[in-house]
Amino acid sequence: MKISHIEHLGIAVKSIEEALPYFENVLGLKCYNIEVVEDQKVKTAFLKVGEVKLELLEPTSPESAIAKFIDKKGVGLHHLAFAVEDGVANALAEMESKEIRLIDKTSRKGAEGLRIAFLHPKSTAGILTELCEG
Ligand code: CMX
């Protein structure tokens, strides 16, 4: 697996509307896309910092992984997403062969239409890790 760059950092927030003024008005970043990812029960807002994106994640249901994360750990950094050059399916096969625990056994469509898959934080140094097509 070859990681080309950090694709994005996922940040759990209670409300995108309430969090965005900090990122836009204080930090001077620009939100270029807001979308709901139905199957993940999240609303996402994307901002760019150079080539790296920030993904603000607001739960749309108490069943959302983000709602559970906020209840347990509070708002803040939720996951780290790496872009992989040779496809997410190949990367997953390699991770499995290295006994990394897969949350997604196969890649699926994530925000912005990218193929993605998550690795379990218990086998990735405590950091929920996402692999994205590069
Ligand atoms: N970062 C680090 N550790 C995390 C974590 C996170 N984001 N979320 C949960 N954990 C930890 C918990 O604190 C818990 O640790 P302890 O046992 O030490 O208390 C452990 O992981 C829980 O593991 P679990 O019981 O297997 O799973 P949970 O029901 O808590 O769910 C997780 C956690 C990561 C498996 C689940 O949130 C998941 O499948 N995430 C992937 C999908 C996702 O996050 N979607 C939202 C974003 C979608 C998008 O970006 O579009």
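How many bridges join β5 to strand β8 (residues 129-133)? I looked this up before anything else. Five bridges join the two strands, and they run parallel. Strands here are DSSP runs (E, at least two residues), helices are DSSP runs too (H or I, at least four residues), and both are numbered from the N terminus. Two strands pair if DSSP finds at least two bridges between them.

**Ground rules**

I am working with a predicted model, where local features need pLDDT of at least 70, side-chain atom pairs count only at pLDDT 80 or more, and totals for chains, interfaces and linings use all residues. Residues are numbered from 1 along each chain as its sequence is written, and side-chain values use heavy atoms, with hydrogens and water left out.

**The sheet**

I traced the strand order next. Eight strands form an open sheet, in the order β2-β3-β4-β1-β5-β8-β7-β6, with mixed pairing. β2 (31-37) and β6 stand at the edges with a single partner strand each, so one side of each has no neighbour in the sheet.

Then I checked two antiparallel pairs. Strand β1 (residues 3-12) pairs with strand β5 (residues 76-84) over eight bridges. In that pair, I6 stands opposite F82. Strand β3 (residues 42-49) and β4 also pair in the antiparallel sense, over eight bridges. There, K48 stands opposite K53 of β4. I noted a general point for reading strands: in a regular strand the side chains alternate between the two faces of the sheet.

**Salt bridges**

K53 came up again here. I counted four salt bridges in the structure. The term means a side-chain nitrogen of Lys or Arg within 4 Å of a carboxyl oxygen of Asp or Glu. E112 forms one with K53, and their closest N and O atoms are 2.8 Å apart. E112 lies in the loop between β6 (108-109) and β7 (115-119), and K53 in strand β4 (residues 52-59), so the pair ties together parts that are 59 residues apart in sequence.

I compared cover for the two partners. Buried means under 20% relative accessible area, exposed means over 50%, and partly exposed is in between (1.4 Å probe, protein chains only). K53 is buried at 11%, whereas E112 is partly exposed at 27%.

Another bridge joins E94 and K98, with the closest N and O atoms 2.8 Å apart. E94 is partly exposed at 24%, and K98 is exposed at 53%. Shared partners link E7, K53 and E112 into one salt-bridge network. R108 and D104 form a salt bridge as well, with 3.0 Å between the closest N and O atoms. Both R108 and D104 are buried.

**The ligand**

Which residues are closest to the ligand? I listed Q40, K72, H78, H120 and K122, out of 18 residues that surround the ligand. A residue counts as near if one of its heavy atoms lies within 4 Å.

I then looked for polar contacts, which are pairs of N or O atoms within 3.5 Å; within protein, one must be able to donate a hydrogen and the other to accept it, and residues adjacent in sequence count only if both atoms are side-chain atoms. A ligand oxygen is 2.6 Å from a side-chain N or O atom of K72. The side chain of K122 also has an N or O atom 2.6 Å from a ligand oxygen. For E55, the distance is 3.2 Å. The protein covers 69% of the 980 Å² of accessible area that the ligand has on its own. Accessible areas come from the Shrake-Rupley method with a 1.4 Å probe; for residues, only the protein chains shown count as cover.

**Loops**

S15 sits in the loop between β1 and α1. This serine is buried, at 17%. A polar atom of the S15 side chain lies 3.3 Å from the backbone nitrogen of E17.

Last, I checked phi angles. Most residues other than glycine have a negative phi. E99 has a positive phi of about 60° and is not a glycine. E99 lies in the loop between α3 (88-97) and β6, and it is exposed at 72%. A125 also has a positive phi, near 55°. A125 is in the loop between β7 and β8, and it counts as exposed at 76%.
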